[in-house]
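Please open the model in your viewer and keep the selection tool at hand.

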Amino acid sequence: MTENHFAHSRLIWRPANPNATRVDALRRTINWKHGLHLKDFHDLHKYSVEDYTFWQDLWEFLGIIYSVPPQKIVVEGRMKEVPTWFPGARLNYAENLLYRNDDAIAVTCSRETGSVAHYTFRQLRDMVKDVATALKVNGLEVGDRVAAIATNSIHAVVVCLAAISAGGVYSSTATDMGTQGILDRYRQIQPKFVFAETEVCYAGKTIDLLPKVAEVARDLASKGLKHVILFPSAKTEKEVHPAIEVPRGIMLSKFLASGDGRELTFEQLPFNHPVYILYSSGTSGAPKCMIHAAGGVLMQTKKELALAYDLNVGDTYFQYTTTAWMMWPFMLTGLACGARIITYDGSPFYPDVRTFLKFVSDQCVTVFGTSPRFLTEVQGNGIKPSELAPFESLRIIMSTGAVLTTPMFEWTQQAFRPDVHLVSGSGGTDICAPFVTGVPTLPVYAGEIQGKSLGMKVEVFDPTGQNIEHTGQPGELVCTRPHPSLPVGFWGDVDGTKFRSSYYEMYPGIWRQGDFIVVNPKTKGLMILGRSDGVLNPSGVRFGSGEIYSVMEKFSSILDDSLCVGQRRPHDNDERVLLFLKMRPGQKFTADLCQQIRGAIRSALSARHVPSYIFEISDIPYTVNGKKIEIAVKQIVSGVDVKPSGTVANPESLELYYKYRDVEAMAASEQGTALKAKL
């Protein structure tokens, strides 16, 4: 089936000057330093996963700031799967991000209301100093948790860096997460301080958060919470005095006034000291609290931004994200590269997507981070960005969070500018970094991720644990060698049992990410085909939902969205594939459309890929981080009752799928539009 996966992988971009990239400078530096003869990126990657000296090379090349140097590169850790990196070293993550202290712009804070504010590196340091001082005066100690319910704004950036500068561990949720979702997270980590928004705007609507914040505060008051610091309104930028009591609540201005004016200092801590707690996006049950180490996050994210995206002083990095996603701390590391970062609070579709795209151009963005969902929406609305604005500064478009399909690769490459480097990457909140990523010295082929990230020994395993990447057949994405951003562990998982069962159960001692992936033997490019636990398996033929979504891109002017899942109820002998379609306003779901879709799938993939049934659906479930939820729907249609967690952005949508347990009756009621496919 190799020809099906890469049949449309045509060359769409070549680097103009690969020798001028920082990743090629690293290759030359390593050759000079060690007397090696690494010829290209592939040689460099091979070295990076065979010799741990690579990580020392990277430490020096990236200019990691420290007070005490490491004694070694790596030694055995508390868990055999997770070694201790750079033992003896002392550093501070926030110090590395705040290394500049000049009057260039560090952060541009923008909102959907149109407000734009700029903060210099010097101002940023002063703001961090004020919050850090107040935290220390009010009892913050090394290892204490500081949490936030925050928009992507200057407040969140400042609080995060202030907490970390003083040795705190930072964690955040987005403001659209429900009360239960927030408590599912913060009850576990028991923060001493919670910073919270009071009033926010999204898609033109003003939302009062105080009832939610008060409920969270009441619950956490008995679990070590000392202060709830209330931000000014995101709409008016004025303080909102609560009509209801917020237990232990204090206005930000009053909290800052409690500081004693001491200078900003950076607590010097081990490389493996916890810095962030991020959360799994499981759609049922309590989320896993992933503890990430300061040095690991710093090195991995700076490696990616500096080497995969060539980010440097003078660049502007705009990552559209919420504070709940791993891309938020990833974005912050742009400061460690000396670049300006842009925070954006609000919907990219309000007042309209054209305004948002013009903003990207007007702000001279050089690296724009977005999602396939956003690009599909732009295309579906018939918008060609290059006709709206020149995008003169734009050098890289980085897409992540879901599969960027071959048609969307081709459309995006032409819709912005043909010379823009279009990058698709994939990693995980689990490691706060990519496994597969962009490579500025290699060409781009439509539908393919360019290469494996440096230092990440990514392989493709079959169910028996054999590496099959050279065959062009899909399998499990595994990482067969440790790296610095492996989580320290899960909060509360003292003996590591949950941690091991999450990643090391299928292949003992080897990290299994849970993605279904295939490598092009000719180009060495990679393609994510979907989550491996959501792999479709009708009649023993395994394929990923991403292959179906790629075909659906051809219908983007008609379809708003689609969801493809497998169904196997207890009495079924085999799995069948169900395809759910959400129509755009004014478009009709018809038998003719279903036949067109079946024909397109059969032509692009094979007859075995054609869904057994196609149904219209009014809504498709997503996580609060914008990821399509397939597994919960698969469980529901297969007969399992699912209680959605706070991670589900639209939990009511899951109710729509229970009736499809009786798929035969539903197909009959559709009067022919969802007839079983004839292969």
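The stops below go from the domains to the boundary between two of them.

**Stop 1: the domains.** Bear in mind that this is a predicted model. Colour the chain by its three assigned parts: domain 1 (10–98 + 294–455 + 480–492 + 520–526), domain 2 (121–270) and domain 3 (533–676).

**Stop 2: domain 1 and domain 3.** Keep these two domains in view; their C-alpha centres are separated by 32 Å. Next, select the residues in contact across the boundary: domain 1 contributes 14 and domain 3 contributes 12. Between them, about 1100 Å² is buried, and carbon and sulfur atoms account for 45% of that area.

**Stop 3: the salt bridges.** Across the interface of domain 1 and domain 3, 3 salt bridges are found. The count of residue pairs in polar contact between these domains is 5, with both partners at pLDDT 80 or more.

**Stop 4: the domain 1 side.** Now select α14 (372–380) and α16 (406–415), each of which provides at least two residues of the domain 1 side that touches domain 3. The largest share of that side belongs to α14, with 5 residues.

How values were computed
Residues are numbered from 1 along each chain as its sequence is written. This is a predicted model: local features need pLDDT of at least 70, side-chain atom pairs count only at pLDDT 80 or more; totals for chains, interfaces and linings use all residues. Side-chain values use heavy atoms; hydrogens and water are left out. Domain bounds come from an automatic or database domain assignment. Contact means heavy atoms within 4.5 Å. Buried area is the accessible area (1.4 Å probe) that two parts lose on being put together, summed over both. A salt bridge is a side-chain nitrogen of Lys or Arg within 4 Å of a carboxyl oxygen of Asp or Glu. A polar contact is a pair of N or O atoms within 3.5 Å; within protein, one must be able to donate a hydrogen and the other to accept it, and residues adjacent in sequence count only if both atoms are side-chain atoms. Helices (H or I, at least four residues) and strands (E, at least two) are DSSP runs, numbered from the N terminus.
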